Amino acid sequence: MAEPVKAVAADGREPILQVRGLVKHFPLTRGVLVKKQVGAVKAVDGVSFDLYRGETLGIVGESGCGKSTVAKLLMNLERATAGEVFYRGEDITKLSGRALKAVRRNIQMVFQDPYTSLNPRMTVGDIIGEPFEIHPEVAPKGDRRRKVQELLDVVGLNPEYLNRYPHQFSGGQRQRIGIARGLALNPEIIICDEPVSALDVSVQAQVINLMDRLQQEYDLSYLFIAHDLSIVRHISDRVGVMYLGRMAEIGTDAEIYDHPTHPYTQALLSAVPVPDPEAREGRDRIILTGDVPSPADPPSGCRFRTRCWKAEERCATETPELAVPVRFRDEASPAAHPSACHFAEVRDVVGAA
Amino acid sequence: MPEITEQAPATEAAAAPRSLWGDAWRDLRRNPIFYISAVLILFLVLISIWPSLLTGTSPYACDLGRSQQGPAPGHPFGFTTQGCDVYARTVYGARASVVVGICTTLLAALLGCVFGGLAGFFGGWWDAVLSRIGDIFFGIPVLLGGIVFLSVIKGGSIFTVVLLMSVLGWPQIARIARSAVISAKQQDYVQAARALGASTPRMLLRHIAPNALAPVIVVATIALGTYISLEATLSFLGVGLKPPTVSWGIDISSAATQIRNAPHMLLWPAGALSITVLAFIMLGDAVRDALNGVNYSVSAGETLAVLGESGSGKSVTAQAIMGILDMPPAKIPRGEIRFRGEDMLTMSADARRRLRGAKIAMIFQDALSSLNPVLTVGYQLGEMFRVHQGLSKKAALAKAVELMDRVKIPAARSRAGDFPHQFSGGMRQRIMIAMALALEPDLIIADEPTTALDVTVQAQVMDLLAELQAEYHMGLILITHDLGVVADVADKIAVMYAGRIVETAPVHELYKNPAHPYTRGLLDSIPRLDQKGQELYAIKGLPPNLLNIPQGCAFHPRCPKAQDLCRTDTPALHTLGEGRRSACHFWKETVNG
């Protein structure tokens with residue numbers, strides 16, 4: 001199988017996490033006692049990317065594109081059907097037991113829903129202290145209470161709130177508690193699955209600022225999964241766009257937002273309402289037809305071809321690779337970034353360039 | 001590093017830690033039914049431990065000479081056929097009932113939790129096998145099974161009765177435990193524990209069990225009463241407890257044959273049994289109310305917290321319906337009420353209802369729950385024409401198909417026979433729009449119509465709405481929290497905060513030059529291109545709890561411009577100019593930056 005590629009970014013940073021050909025198929029079964037597989041939901045179907053130390057990689061896409069499944073696979077909450085995830089050169093998808101537990105210290109997660117991600121019957125102190133109970137080597141027993149209070153302070157909550165229960169906090173405060181729990185073991189990577197989409201607009205900015213500050217303070221790498229494109233752009237160094245279980249396009253935030261070459265990215269960006277009434281007239285809006293096909297029965301070839309205005313015969317038969325398109329390969333333009341489209345070309349949809 | 005200001009509302013600062021168990025206990029103590037049942041049960045438990053507290057007479061001290069005699073001094077309830085003291089036997093009979101009831105419940109709950117819990121937690125084969133075993137036992141009627149087995153094994157001791165009843169009774173508890181564990185297992189906090197590397201026992205004991213326990217406790221308490229009456233029934237039928245054990249069931253059985261001669265023999269044990277069962281059922285009800293009550297009040301509180309800002313928007317729907325139809329129209333965020341204005345308030349409920357159907361239509365956020373899942377889409381659309389215009393079934397269906405075509409549902413004719421769940425989210429929202437359009441209303445109120453949709457689908461739906469609005473010449477009130485959507489489609493905007501309008505303005509002016517600090521804060525907190533890598537502007541603090549709106553201007557605790565005046569005086573909605581109003585004492589300063 002594939003070895004961890006010795007990829008080094010242009011500025012010399014090394015990838016901390018390398019994802020290669022990740023696949024997750026959920027079997028569709030029929031029958032009660034004897035289960036027969038009648039198909040599979042191809043939630044994630046061959047996704048590869050690198051996450052560099054200290055960077056934020058944003059993953060955007062619509063519901064059903066597999067972005068949350070990618071998060072679960074990286075966390076080993078689901079077992080990958082195929083593919084590898086290399087962390088420090090080691091494939092963590094095959095780990096179990098003690099080795100997996102050790103890796104978990106370094107990769108943590110912040111969940112979307114601050115209302116269901118905290119156990120309602122535990123105090124905040126117990127919730128944030130639980131990582132220390134599971135990994136007692138991180139903090140000696142007598143030290144834990146102080147550590148928990150420190151963490152509360154770090155995320156901007158009153159350390160005196162230790163003995164309160166989750167339902168005594170607002171959504172934004174709960175998300176801070178979730179972040180404190182994620183930070184407890186001093187991880188290197190935090191996977192954030194829609195961490196602010198359940199929050200009020202005015203509270204979102206508070207949490208985003210907190211995450212930004214923590215990243216600088218602790219040199220964290222974020223995988224930031226969200227559907228809000230403007231928030232992703234604000235916080236991300238690089239952005240990957242997923243569609244129906246595959247990566248359609250990946251690049252720096254400027255490359256993706258200002259020089260998208262994949263038709264889906266262009267449609268997605270043009271569909272996002274811009275909070276500026278002046279932009280209403282000048283915008284190039286692409287209204288797609290139809291819905292996202294079912295991941296249990298995805299189209300052949302390019303996944304996007306059923307809704308794409310550029311689709312030709314070739315798109316149905318030949319799956320486009322996620323690579324820098326040939327026509328841009330020799331240019332030093334921002335269009336020269338990986339895009340899985342046979343007919344990739346730049347189209348400025350947000351009118352930003 | 002800029003510091004993060006987290007201002008907990010005053011109520012919260014004062015709040016002590018409140019666990020869910022504590023809340024349930026507090027609710028329980030407020031319930032008089034709990035006290036009545038608790039006193040009764042305590043009394044029962046006491047006399048079953050020390051029956052001699054109430055009577056000096058032995059239940060076995062019988063004198064055939066006093067057979068079936070009525071009350072006598074020292075023997076207030078009279079005598080049985082064997083001449084034993086009915087009062088003493090009734091008192092001593094409590095022991096069998098209480099012991100059997102409690103032991104059976106404990107054993108059945110233990111079996112049920114272990115089997116149901118394992119089936120729910122591990123799923124797969126565990127679930128298949130354990131659930132089938134449970135189903136087999138569940139299929140045996142407890143009473144019939146009890147009669148057959150007990151007459152075969154000729155038991156009669158408390159031990160055999162308890163064992164048999166719990167063996168027959170556990171599947172009921174196992175089913176509840178299984179579903180409780182399955183629902184707890186799917187919660188994010190269990191995933192979070194797994195992500196931390198928690199062991200299986202830890203997840204089960206620390207995260208799943210405490211959260212799955214509440215429903216099991218409720219079922220077990222209610223089952224306790226059932227087991228007591230079951231024991232009495234079995235004893236009555238002569239297959240349960242056997243003499244010399246004193247049991248109400250046995251005494252009722254022997255008294256029943258003599259009901260004409262000596263009704264007092266039946267009255268007392270039967271009465272004691274009824275009261276005992278009633279006490280346990282009352283306790284079960286009280287416990288259930290307390291445990292469910294907590295969930296309810298928590299979700300109610302949460303709902304109110306997100307409401308102020310229509311944050312997630314999910315919970316807004318219910319309030320919006322009431323708000324729109326039962327509050328002054330002036331409170332509707334963004335809108336052009338072109339007719340009737342305030343009349344809606346003084347109008348009779350009947351007139352309002354008529355208005356609602358024909359002149360005003362509504363589109364909800366969650367199309368799936370607004371459509372009837374067991375009726376086809378064509379039927380539901382056609383219903384509008386059948387009811388309001390008296391069309392025939394066939395003509396109504398034709399109209400429905402036409403409407404589906406209007407909202408661009410592909411293959412409308414064949415899809416009219418499909419059920420709502422067979423459509424995608426975007427298509428369902430189109431059906432909702434079709435339904436709203438059916439009677440060609442003058443006004444459509446769309447409450448977060450695209451919040452549940454993906455952006456590319458949202459663009460399709462908003463596009464369609466705008467097109468239809470122009471074509472039918474309708475007013476559109478759009479309730480949303482999405483500043484982008486508003487900028488895209490709105491002509492005028494009303495901004496609400498804590499239940500009041502704080503600013504109204506034409507769309508361009510609002511975005512260019514907001515006249516209320518809250519609007520300004522919202523606009524500033526949107527990530528912008530030229531600010532990448534910088535701190536986002538964040539409105540400090542939290543949206544207010546609607547039960548506890550701050551005095552004066554509701555926004556003052558979060559407002560960077562707040563002065564003393566703002567803390568005491570509620571600002572009026574000042575008119576700034578054509579269509580521009582702001583509820584801020586310092587709107588002039590705000591407009592000027």
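Me: In which helix of chain B is the place of B:V99?
Reply: In this predicted model, B:V99 touches B:T104 and B:I158, leaving aside residues up to four places away in sequence. The residue belongs to a helix that spans residues 86-122 of chain B. That helix is α4.

Me: Is B:V99 buried, partly exposed or exposed?
Reply: Buried requires a relative accessible area under 20%, and exposed requires one over 50%. The relative accessible area of B:V99 is 31%.

Me: How far apart in space are B:V99 and B:V162?
Reply: In sequence, B:V99 and B:V162 are 63 residues apart. In space, taken from C-alpha to C-alpha, their separation is 8.9 Å.

Me: What percentage of the residues of chain B count as buried?
Reply: Chain B has 25 helices and seven strands. Among its contacts between residues at least 6 apart in sequence, 65% join residues at least 24 apart. Of the 593 residues of chain B, the buried part is 49%.

Me: What is the area buried between chain B and chain A?
Reply: The size of an interface is often given as the accessible area lost when the parts come together. Here 86 residues of chain B are in contact with 84 residues of chain A. Carbon and sulfur atoms give 55% of the buried area, which is about 7,100 Å².

Me: Which helix gives the most to the side of chain B that touches chain A?
Reply: Between chain B and chain A there are 20 residue pairs in polar contact, both residues being at pLDDT 80 or more. On the side of chain B, the element that gives the most contributes eight residues and covers residues 188-196. This element is helix α8.

Me: Which residue of chain A meets B:R202 in a salt bridge?
Reply: Side chains of opposite charge can pair when their charged atoms come close. Across the interface of chain B and chain A, three salt bridges are found. In the one made by the side chain of B:R202, the N to O distance is 3.0 Å. The partner is A:E133.

Me: Which residue lies over the face of B:W21?
Reply: Within chain B, B:R415 lies over the face of B:F423, at 4.0 Å from the ring centre. For B:W21, the distance from the ring centre is 4.1 Å, and the residue over its face is A:R121.

Me: Why is the pair of A:Y243 and A:F304 edge-to-face?
Reply: The structure holds 11 aromatic pairs over all chains. The rings of A:Y243 and A:F304 have their centres 5.1 Å apart. Planes over 60 degrees apart count as edge-to-face. The pair is therefore edge-to-face because its planes stand at 85°.

Me: Which residue joins A:Y243 and A:F304 in one aromatic cluster?
Reply: A:Y243 lies in strand β9 and A:F304 in the loop between α10 and α11, 61 residues apart. Both A:Y243 and A:F304 are buried.

Me: How many residues apart in sequence are the parts tied together by B:E509 and B:R580?
Reply: The closest N and O atoms of this salt bridge are 3.8 Å apart. B:E509 is partly exposed, with a relative accessible area of 34%, whereas B:R580 counts as buried at 8%. Helix α22 holds B:E509 and strand β7 holds B:R580, so the pair ties together parts whose separation in sequence is 71 residues.

Me: By about how much of a helix are A:E150 and A:R146 separated?
Reply: A:E150 forms a salt bridge with A:R146, with the closest N and O atoms 2.4 Å apart. A:E150 is partly exposed at 41%, and A:R146 is partly exposed at 42%. Because the two residues are four apart in helix α4 of chain A, their separation is about one helical turn.

Methods. Residues are numbered from 1 along each chain as its sequence is written. Chains are lettered from A and ligands numbered from 1 in the order in which they are written. This is a predicted model: local features need pLDDT of at least 70, side-chain atom pairs count only at pLDDT 80 or more; totals for chains, interfaces and linings use all residues. Side-chain values use heavy atoms; hydrogens and water are left out. Rings of Phe, Tyr and Trp (its six-membered ring) pair if their centres lie within 6.5 Å; planes under 30 degrees apart count as stacked, over 60 as edge-to-face and the rest as tilted. Buried means under 20% relative accessible area, exposed over 50%, partly exposed in between (1.4 Å probe, protein chains only). A charge sits over a ring if NZ of Lys or CZ of Arg is within 6 Å of the ring centre and within 35 degrees of the ring normal. Contact means heavy atoms within 4.5 Å. Buried area is the accessible area (1.4 Å probe) that two parts lose on being put together, summed over both. A salt bridge is a side-chain nitrogen of Lys or Arg within 4 Å of a carboxyl oxygen of Asp or Glu. A polar contact is a pair of N or O atoms within 3.5 Å; within protein, one must be able to donate a hydrogen and the other to accept it, and residues adjacent in sequence count only if both atoms are side-chain atoms.
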